[in-house]
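Visitor: I am new to this structure. Please show it to me, and then take my questions.

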Amino acid sequence: MKNIFIFLTFLALSNTVIAQQNQITQDSTKTEKLDEVFVNAVRVNADSPITHSNISKKQLEKRNLGQDIPVLLNYLPSVVTTSDAGAGIGYTGIRVRGTDATRVNVTINGIPYNDPESQGTFWVNLGDFASSTESLQLQRGVGSSTNGSGAFGASLNVLTDTFSEEASGEIANSAGSYNTRKHTVKLSTGLINNHFEISGRFSKIDSDGYIDRAFTDLKSYFLQGIFKDENTLIKALTFGNKERTYQAWFGLTSEELQENRRQNPYTYDNETDNYWQDHYQLHWNERFDNNWSTTIGLNYTKGKGYFEQYKTEETAADFNNLIEDDSDVIVRRWLDNNFYVVNANVTYKKDALEVISGVSYNTYSGDHFGEVIWGSNLASNTKIRDRYYEGDATKNDFSIFSKATFKLAEKITGFVDLQGRFVSYKTNGLNSDRVEFVTDANFSFFNPKMGFTYKHCDFNSFYTSYGRANREPNRDDFKSGVTENETLNDIELGWRYNSKKVSLNTNLYYMFYQNQLVLTGELDDVGSPIRATSGKSYRLGLEVDATVKFNKTFYTSTNVALSSNKNKDFNSSVNGEVAELGNTNISFSPDIVIGNALNFNPTKNLQLSFLSKYVGEQFMGNIDSEASKLDSYFINDLNVNYEMKPNKMFRTIVLSGLVNNIFNKEYVSNGYFGSYDYLDASSSTGTTTGYYSGYYPQATTNFLLGVTLKF
């Protein structure tokens, strides 16, 4: 680790010298920011034929009182969020257009963040990351080519803090319901000699959670060093998080939900998840002249941690005979992984032509093992922390792309994006069930995208696009026997209208799949969703996103997503026989999602926002069973921000308040569903299928209050 960091530092200093020697003076009218080039390869511009939403630092700050990034994005089009602990802190998730979090590609400064094996995004390992975020872009659908796992519902591109011209500091504290507390300190030296800046953030977030004892303890940091010249920007940064959360992954049964929706069925004091993750990134952007620029990004991520479980009356063979039969046992299941990334991009711009080409290579190695740390009846030769299973995995991912934006006619712009992606995944050893898990899989994907934008005038444009994406199975898919890749074809048709008072984005999409891995509704033994191939399926939808400014003090932002999400000719086992169910609803895909914000600025320094979210009913499985249905819900939040500018000591003092679910709605945003067969003499087959379901209740009325001091 130390040698790697020294190498990155040396490379940064070397590149600084080279850049200074090759500096070329630029046209002073050029307005493109150097730091934005770090994400240009994975982002799109406002006129691109790709459906997207942009979120600025200023927008994030209004509600950044401790909740995770998915919750801060809750009011974007087609977005549904959930939280295991119920209060938006800890294990939170995001779904876009009905697709689960493993299918939302996330990058940080162009570096892939999704876990290579599970393909999931664990926001619990990015505590208070919104405080170090400059901007985000959420692309819905296939989107443009990105790094890492393919985008099958959306891609979320995060750009971390840019540099500050002047020295500054910030102290932010917030507190609220469920003993929630956030403490943040940020410092910046400002540009020293107009070239160098050092900045950093340290944060601590604690919450007891809405669910009993579902606490979250997050400690995080962000440190950054920058060298800036007229044509050069080099950023060396490191960020990390240490988390400890109490078990709430399995939710509540319907009976438990009715009895006490805040109860937690787990009673062992240390039924916790414990994980440490540190990231080291180096980015170098060089602009050679008005036409050419390059970007290089390097990354190393170290992750290690375990979750602890108490189990009763277990079988000795399940634990490598380290215990006696019918013994109680406490185990820790570990992950120990390393992730390396190299990105390189080159951009050419001239007049109406822009071409961005690049390569990305990442390699992952992970060890999986389980320890017995206590047993009521240990075997005679057992030592504490003996391992009852061990396995390892390696994954390599190489992609190459080129995307071009060009004029086809005076009012028509074309867009072409071609990507090749090559993946290898290997595993050895035993899985947690002590079953041999050996995989050696290779995939080669070609992912083309293309589109056109017709700009009728400065405020009125239309676009259409087609995109194709492929994805490999994840670790759990391989364990369940899935070996084929998924394929998605995405067709989008949109209209954008922008005037001084009205901004309107409307798009119609049709996403059709081959071998889509849909959530079955069931969970594995660690609370992760299980997926299965549905054959052919599709998602057809209409999204409307509008902002209307009525006057200087009042404006509204509304988005509506209507969709039909279907498995075609779906089969399932019912009462011991395979039943042909025809077209069924895809799990966790509501037909309607609405977000709305009423924003009122009675004075320059005061803003009030009344936020509303409606999510239609959805099924937790794919067989349209009433037992799998999640009811629709409609919730409302109130957000208040007041900024003062005292004459002395502080530049600004910001007072923030957030009341979530102000009408005290008891609702459930996520759950699980499964089936089981039992012997039944009255059935024609002798077997009857029964169903079970579980739920993750979300918090009723709760609040957060914060004070931010900026100097």
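Visitor: Where is the place of R434?
Guide: This is a predicted model, in which local features need pLDDT of at least 70, side-chain atom pairs count only at pLDDT 80 or more, and totals for chains, interfaces and linings use all residues. Strands are DSSP runs of E of at least two residues, helices are runs of H or I of at least four, and both are numbered from the N terminus. R434 is placed in the loop between β19 (412–429) and β20 (439–457).

Visitor: Is R434 buried, partly exposed or exposed?
Guide: Buried means under 20% relative accessible area and exposed means over 50%, with partly exposed in between (1.4 Å probe, protein chains only). R434, which is not a glycine, has a positive phi of about 60°. Its relative accessibility is 26%, so R434 counts as partly exposed.

Visitor: Which residue in the hairpin of β4 and β5 takes a positive phi?
Guide: β4 and β5 run antiparallel and are joined by 2 bridges; two strands pair if DSSP finds at least two bridges between them. I108 stands opposite I111 in β5, and the hairpin has 2 residues between the strands. The loop between β4 (104–108) and β5 (111–112) holds the residue in question. With phi near 55°, it is N109.

Visitor: Is N109 buried or exposed?
Guide: The relative accessible area of N109 is 3%. With that value, N109 is buried.

Visitor: How many of the 5 residues of β4 are buried?
Guide: On one side of β4, V104, V106 and I108 are buried; on the other, N105 and T107 are buried too. β4 is therefore largely enclosed by the rest of the structure. The number of buried residues in β4 is 5 of the 5.

Visitor: Which strands stand at the edges of the open sheet of 3 strands?
Guide: The order in this sheet is β13-β36-β35, with antiparallel pairing. Each edge strand has a single partner, so one side of it is left without a neighbour in the sheet. The two edge strands are β13 (252–253) and β35 (668–679).

Visitor: Over how many bridges do β35 and β36 pair?
Guide: Y676 stands opposite G690 in β36. β35 and β36 (residues 687–697) pair in the antiparallel sense, and the number of bridges is 11.

Visitor: How many aromatic pairs does a search of the whole structure find?
Guide: Rings of Phe, Tyr and Trp (its six-membered ring) pair if their centres lie within 6.5 Å; planes under 30 degrees apart count as stacked, over 60 as edge-to-face and the rest as tilted. By ring pairs, W276, Y306, W334 and F369 are linked into a cluster. For the whole structure, the number of aromatic pairs found is 35.

Visitor: What is the angle between the planes of Y510 and F512?
Guide: Y510 is partly exposed because its relative accessibility is 31%, and F512 is partly exposed at 29%. Their ring centres are 5.2 Å apart, and the pair is stacked because the planes are at 25°.

Visitor: How far is the charged end of R387 from the centre of the ring of F369?
Guide: A charge sits over a ring if NZ of Lys or CZ of Arg is within 6 Å of the ring centre and within 35 degrees of the ring normal. R95 lies over the face of F588, 4.2 Å from the ring centre. For R387 over F369, the distance is 3.7 Å.

Conventions
Residues are numbered from 1 along each chain as its sequence is written. Side-chain values use heavy atoms; hydrogens and water are left out.
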